[in-house]
Amino acid sequence: MGTWLFEGLASIGVFFLVLPVLIPVVLAVVYRRYRYLAVGPTAWAAVTALYVSALFAFTTFPLPTAPEEFCTKRSTFEYWRLTPGRSFAEVLDRVAEVGVPATVTSGLYLHVAFNVVFFVPLGFLVAYLLRRGIRWALAIGLGTSLVIEVAQGSALWGLYP
């Protein structure tokens, strides 16, 4: 099974695990606010829960099968992305090195492109659900990205060996 397929299935699995807890809470909040079970806000809550589940699954899984081997082959900070724009600079360096066609089909480019695409829904959710502007969307996106990078770099906050 491919990594992305596994992560996609894991995100659906996480979504269905949180659904029994989420449904009563969402229905109570929607009913309290609107005095009836409004379909729109309930659907937005479901979409948000699915997005957060996917964000969790795609940034957490798959875990290495041999963590000791995985860690000894890499330097401590090799995969941390704590410098904003570093990935874009690496893509531009790759373009200068091998050209545009080879870069666009590379794993590096796809990784960066999918990371950008993956955060676009977060901006829409912040703008729509929180009724905030682009500054809030950027701040929440940056904060979310930082939490993800620290979680990945710290072996899920020390939970993974």
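Good morning. Apart from its neighbours within four places in sequence, Ser11 is in contact (heavy atoms within 4.5 Å) with Ser53, Ala54, Ala57 and Phe58. This is a predicted model, in which local features need pLDDT of at least 70, side-chain atom pairs count only at pLDDT 80 or more, and totals for chains, interfaces and linings use all residues. Residues are numbered from 1 along each chain as its sequence is written, and side-chain values use heavy atoms, with hydrogens and water left out.

Ser11 lies in helix α1 (residues 3–34); helices are DSSP runs of H or I, at least four residues, numbered from the N terminus. Because its relative accessibility is 6%, Ser11 counts as buried, that is, under 20% relative accessible area with a 1.4 Å probe, protein chains only.

I turn to the aromatic rings. The whole structure contains four aromatic pairs, with ring centres within 6.5 Å. Phe15 and Phe16 form an edge-to-face pair, 5.4 Å centre to centre with 65° between the planes; edge-to-face requires planes over 60 degrees apart. Phe15 is buried, at 11% relative accessibility.

Finally, the helix packing. The axes of α6 (residues 107–129) and α7 (residues 134–153) come within 9 Å and cross at roughly 135°; axes are lines fitted to C-alpha atoms over the stretch in contact, with angles from 0 to 180 degrees between N-to-C directions. The contact involves Phe119, Leu122, Gly123 and Val126 of α6, and residues of α7 including Trp136, Ile140 and Ile148. Thank you.

Key. Rings of Phe, Tyr and Trp (its six-membered ring) pair if their centres lie within 6.5 Å; planes under 30 degrees apart count as stacked, over 60 as edge-to-face and the rest as tilted. Buried means under 20% relative accessible area, exposed over 50%, partly exposed in between (1.4 Å probe, protein chains only). Helices (H or I, at least four residues) and strands (E, at least two) are DSSP runs, numbered from the N terminus.
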